[in-house]
Amino acid sequence: LMRTEFLFLERGETLTEDEQFEVYRGMIEALDGRPLIARALDIGGDKQVAHLHLAREDNPFLGVRGARLLLRRADLLDPQLRALYRAAKTGGAVSIMFPMITSVTEVLALRQRCEAIRAELNAPDLPIGVMIEVPAAAVLADKLAAHVDFFSIGTNDLTQYTLAIDRQNPELAEEADSLHPSVLRLIATTVAGAARHGRWVGVCGGVAGDPFGALLLAGLGVTELSMTPRELPAVKAMLRSSKITTLREVATRALDAETAADVRQLRLTLQ
Ligand code: PEP
Ligand code: MG
């Protein structure tokens, strides 16, 4: 799973379509048939790109970020989609995922753009997914699922928006816990909404790379986890030594917990 805005954050200039094509093609080649989920540009909020000269906002986390920016800036969206579809034509298993989705209207507009570009390039159909990062999207997951191929829950932002805690505020860092029962209930709602349309659900927020977090997510019905390579061995070891029936029981208890601390206590029942 690739956060493509890093390409823009690391450079002092906007990448052209051709430059992006080369990067994506290189990734597909390196992956050698393994899947690539390319997250479309998630700019705004905590990811400010100076060379785009975007308008200053008083509340950037509640402003024009992620898909909201892409839908206003065809000069960013179209070259990226063209580069991705061109790269997909060279082979590989590429999916496209859109960040910061709040409504079905946004999904339909983005899908329409994807289809227009795919048809123009005579490129293969690619699975299109959206991130569930805003409570509105989790609550409406059954409606969104009708229009997408998969979900990836961004628990960093979902936690921020559910608990009304700025993810960058050091004073509140301890309270910004992705295992808060309210966040877990939104994850469960997302999984249930996806299941109504036979879609799979992944998690790409930090909690997916936390061994206990990964176990709880599996128990909640999440079937794909994204994490840094460093976190992989511990998570794999925990999952492989667990029974899914046990994880489902623990997840059910977590959904009934009063506090994040109570959820974390459930770790002891797994030892
Ligand atoms: C998230 O919000 O959990 C997520 C995966 O996206 P990012 O951390 O890049 O905002
Ligand atoms: Mg996010």
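Modeller: What follows takes a helix, the nonpolar cores, a set of strands and a single residue in turn. This is a predicted model, in which local features need pLDDT of at least 70 and side-chain atom pairs count only at pLDDT 80 or more, while totals for chains, interfaces and linings use all residues. Residues are numbered from 1 along each chain as its sequence is written, chains are lettered from A and ligands numbered from 1 in the order in which they are written, and side-chain values use heavy atoms, with hydrogens and water left out.

Colleague: How many residues of helix α10 are buried?

Modeller: Buried means under 20% relative accessible area, exposed over 50%, and partly exposed in between, with a 1.4 Å probe and protein chains only; helices (H or I, at least four residues) and strands (E, at least two) are DSSP runs, numbered from the N terminus. In α10 (residues 211-220), nine of the ten residues are buried, so the helix is largely enclosed by the rest of the structure. Those buried residues, among them Phe-212 and Leu-216, pack against α9, β6, β7, α11, α12 and α13, where contact means heavy atoms within 4.5 Å. Just after α10, Gly-221 takes a positive phi of about 105 degrees.

Colleague: Which residues touch the most other members of the largest nonpolar core?

Modeller: In soluble globular proteins, nonpolar side chains tend to be buried together. A nonpolar core is a set of buried Ala, Val, Leu, Ile, Met, Phe, Trp, Tyr and Cys residues joined through side-chain atoms within 4.5 Å. Here the largest one has 71 residues, and Tyr-85, Phe-98, Phe-151, Ile-187 and Leu-216 touch the most other members; its largest share, eight residues, comes from helix α4 (residues 74-88). A second, separate core of five residues includes Ile-37 and Met-131.

Colleague: In what sense do β1 and β2 pair?

Modeller: Two strands pair if DSSP finds at least two bridges between them. Strand β1 (residues 2-3) pairs with β2 in the parallel sense over two bridges, and five bridges join β2 to β3 (residues 93-98), also running parallel. Strand β2 (residues 35-39) is mostly covered, with four of its five residues buried.

Colleague: Is Thr-162 buried, partly exposed or exposed?

Modeller: Thr-162, in helix α8 (residues 155-163), is partly exposed, with a relative accessible area of 25%. Leaving aside neighbours within four places in sequence, Thr-162 is in contact with Pro-135, Ser-182, Val-183 and Leu-186.
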